[in-house]
Amino acid sequence: MTDALREGVLKVEGRLTDASNATLYCVAVLGEGDEQANVTCVYKPIAGESPLWDFPEGTLAAREVAAYEVSCALGWDLVPETVLRDGPYGLGMCQRWIDTEDETRLLAILPTTVEQSALDGWCPIITVGLDDDEQGILAHQDSEALRRIALFDAVINNADRKGGHLLPDANGHIYAIDHGVSFHVEDKLRTLLWGFAGRSLNESETTELKRIHADSSLTERLVTLLSEPEATAFHARIEALLAAGRFPGPEGRRRPIPWPLV
């Protein structure tokens, strides 16, 4: 599958019009006849990236690939297969398409009067205004899958974890996408998954963080995709997480919640 993503002919079939950067729905075709491999994918050419004031121009595609490399190193299968390759509109990121179930089931709007017992399985985040001038509590699932994604986001310094960037497939596995604004040297963590804030890292999470921190092959891959200061900051974030022994929280952050939420 990765061979088709990396080497197959990209055939553009449509465009995702709600994306902030050029995002093309494609089929990667490798081989012919019975040996042909077709993989549906998303192709984001660097030429179609919107300039950002705080991220160097033309670097978002490489950041997406760097996030995939960290996902692979962790062994949690969080990010779909992602490669940096040439395409119809030049060099860009190509990522396997995920057919999703309803991603909104990962989030809920709960009444402000909800009893504590009704919060079982949910992590409250913030109070939000509703169409009827009432208020509700936005919450996300309290699950191992989302906990892993929250820790992953803290490691890569994800500045844009919206609800729509969480994709459950038909088997219930949750994938994480859209990591173009990650790996900044400054702390820019912005997420809907603050429900895990302050929780202690468990033994498995601590072990995995130590392992990827010492993974020289991962470091070698990251320095080809990121600047040297960004690769250094990646390791510093892991060290800080291990020293704290817990998930970071939104306290002291100017804009801890992404907008729009989904």
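Strand 3 (residues 37–45) and strand 5 are joined by five bridges and run antiparallel in this predicted model. Within this pairing, V42 has Q95 of strand 5 as its bridge partner. Strand 5 comprises residues 92–96 and is mostly covered, with five of its five residues buried.

Strand 4 and strand 5 form a hairpin with six residues between the strands. In this hairpin, G90 adopts a positive phi near 100°.

A further packing arrangement involves two helices. Helix 4 (residues 203–213) and helix 6 (residues 228–244) have axes that come within 10 Å and cross at roughly 150°. Because angles over 145 degrees count as roughly antiparallel, helix 4 is roughly antiparallel to helix 6. The crossing of the two helices is left-handed.

On the side of helix 4, the contact is made by T206, L209, K210, I212 and H213. These residues meet F234, H235, I238, E239, L241 and L242 of helix 6. By class, the residues in the contact of helix 4 with helix 6 comprise six nonpolar, three polar and two charged.

How values were computed. Residues numbered from 1 in each chain as written. Predicted model: local features only at pLDDT ≥ 70, side-chain atom pairs only at ≥ 80, totals over all residues. Heavy atoms only, no water. Buried < 20%, exposed > 50% of the residue type's maximum accessible area, 1.4 Å probe, protein only. Helix = DSSP H or I, 4+ residues; strand = E, 2+ residues; numbered from the N terminus. Pairing = 2+ DSSP bridges. Axes fitted to C-alpha atoms, helices over the stretch in contact; angles between N-to-C directions. Parallel < 35°, antiparallel > 145°, perpendicular 65-115°, else oblique. Left-handed = near helix turned anticlockwise from the far one by under 90°. Contact = heavy atoms within 4.5 Å. Nonpolar A, V, L, I, M, F, W, Y, C, P; charged D, E, K, R; others polar.
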